[in-house]
Amino acid sequence: MRIENSQFAAAVIPLIEALLASRELPEHVAEDIIGSVAELLRLAYVGDTTAVADEFRVVTGRDIPDWMKEPPSATAG
């Protein structure tokens, strides 16, 4: 995974794609994916705040959402 290799900004695109793809899944499956992806995005943001924020803005046209600024869980990663 790109996060494990400290390629935090490079992880943004596949994680956002996973979030978008999860919309097509049954809700009970999508919830697990969304939770995992959210944690990975939080880890990436903590790993390289500026690069991840910049990449997120390029990909989505928006600033980092507040939930992404929350600390990752103690069991993440």
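Colleague: At roughly what angle do the axes of α1 and α2 cross?

Modeller: Keep in mind that this is a predicted model, where local features need pLDDT of at least 70, side-chain atom pairs count only at pLDDT 80 or more, and totals for chains, interfaces and linings use all residues. Residues are numbered from 1 along each chain as its sequence is written, and side-chain values use heavy atoms, with hydrogens and water left out. Helices here are DSSP runs of H or I, at least four residues, numbered from the N terminus, and axes are lines fitted to C-alpha atoms over the stretch in contact, with angles from 0 to 180 degrees between N-to-C directions. The axes of α1 and helix α2 (residues 27-47) come within 9 Å, and they cross at roughly 160°.

Colleague: Is α1 roughly parallel or roughly antiparallel to α2?

Modeller: Angles under 35 degrees count as roughly parallel, over 145 as roughly antiparallel, 65 to 115 as roughly perpendicular and the rest as oblique. The crossing is at roughly 160°, so α1 and α2 are roughly antiparallel.

Colleague: Is Ser22 buried or exposed?

Modeller: Ser22 lies in helix α1 (residues 12-22). Leaving aside neighbours within four places in sequence, Ser22 touches Ala30, Ile33 and Ile34. Buried means under 20% relative accessible area, exposed over 50%, and partly exposed in between (1.4 Å probe, protein chains only). Ser22 has 3% relative accessibility, so Ser22 counts as buried.

Colleague: And what is the arrangement of α1 relative to α3?

Modeller: The axes of α1 and helix α3 (residues 49-60) come within 10 Å and cross at roughly 50°. That angle is why α1 counts as oblique to α3.

Colleague: Which residues of α3 do Val12, Ile13 and Ile16 meet?

Modeller: Those three residues sit in α1. Their partners in α3 are Val52, Glu55, Phe56, Val59 and Thr60.

How values were computed: Helix = DSSP H or I, 4+ residues; strand = E, 2+ residues; numbered from the N terminus. Contact = heavy atoms within 4.5 Å.
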